[in-house]
Amino acid sequence: MNDQQIGYILGWGGGLLGILLGFGGAFLGTYIPYRQATSSRQKSLILKSAAFFLSFVVIFLAGLMMLPLPWNHLLWIPYIVILVTSIRWFNNRQRLLVEEESAAAKDQPTQGNP
């Protein structure tokens, strides 16, 4: 086996490993908060955010593949800005939902046995 064949195998192996780790991280990053969510509103937000980020990454990768080589690097600038701001927005929205629901639970009278 020559150096070119080894590089070819390592390139494909690294690409497949990256895909597996990416999908595994996305699955765990969606499954764990979904399982820990206590209301349907929280679960809905988690699923909507997962769908948003999936479509956002797919559009970004399609843009990287369709634009010519020197120009596709410019897509990283809006990608990073939108990614960071949307992660912060979804996290803040999740925190607000938890706070609203915990405040509503405190306001509910408890029913005791007479």
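**Exercise 1.** Which helix has the lowest mean pLDDT among the elements of the protein chain, and which the highest?

*Solution.* The model is predicted. Helix H3 (residues 69-72) has the lowest mean pLDDT, 89. The highest, 93, belongs to H2. For the protein chain the average is 90, and 95% of the residues score at least 70.

**Exercise 2.** Determine how helix H2 is oriented relative to helix H4.

*Solution.* Step 1: the axes of H2 (residues 40-66) and H4 (residues 76-107) come within 11 Å and cross at roughly 175 degrees. Step 2: angles over 145 degrees count as roughly antiparallel, so H2 is roughly antiparallel to H4. Step 3: by class, the contact of H2 with H4 has 16 nonpolar, four polar and four charged residues.

**Exercise 3.** Classify the ring pair of Phe27 and Tyr31, then that of Phe52 and Phe53.

*Solution.* Step 1: the structure holds eleven aromatic pairs. Step 2: the ring centres of Phe27 and Tyr31 are 5.6 Å apart and the planes are at 5 degrees; planes under 30 degrees apart count as stacked, so this pair is stacked. Step 3: both residues lie in helix H1 (residues 3-36), four residues apart, about one turn of the helix. Step 4: for Phe52 and Phe53 the centres are 5.2 Å apart and the planes at 70 degrees, so the pair is edge-to-face. Step 5: ring pairs link Phe52 and Phe53 into a cluster that includes Phe56, Phe60 and Trp76.

**Exercise 4.** Is Phe27 buried or exposed?

*Solution.* Phe27 has a relative accessible area of 53% and is therefore exposed. Tyr31, at 39%, is partly exposed.

Key
Residues numbered from 1 in each chain as written. Predicted model: local features only at pLDDT ≥ 70, side-chain atom pairs only at ≥ 80, totals over all residues. Heavy atoms only, no water. Axes fitted to C-alpha atoms, helices over the stretch in contact; angles between N-to-C directions. Helix = DSSP H or I, 4+ residues; strand = E, 2+ residues; numbered from the N terminus. Parallel < 35°, antiparallel > 145°, perpendicular 65-115°, else oblique. Nonpolar A, V, L, I, M, F, W, Y, C, P; charged D, E, K, R; others polar. pLDDT = per-residue confidence, 0-100. Phe/Tyr/Trp six-rings, centres within 6.5 Å; stacked < 30°, edge-to-face > 60°. Buried < 20%, exposed > 50% of the residue type's maximum accessible area, 1.4 Å probe, protein only.
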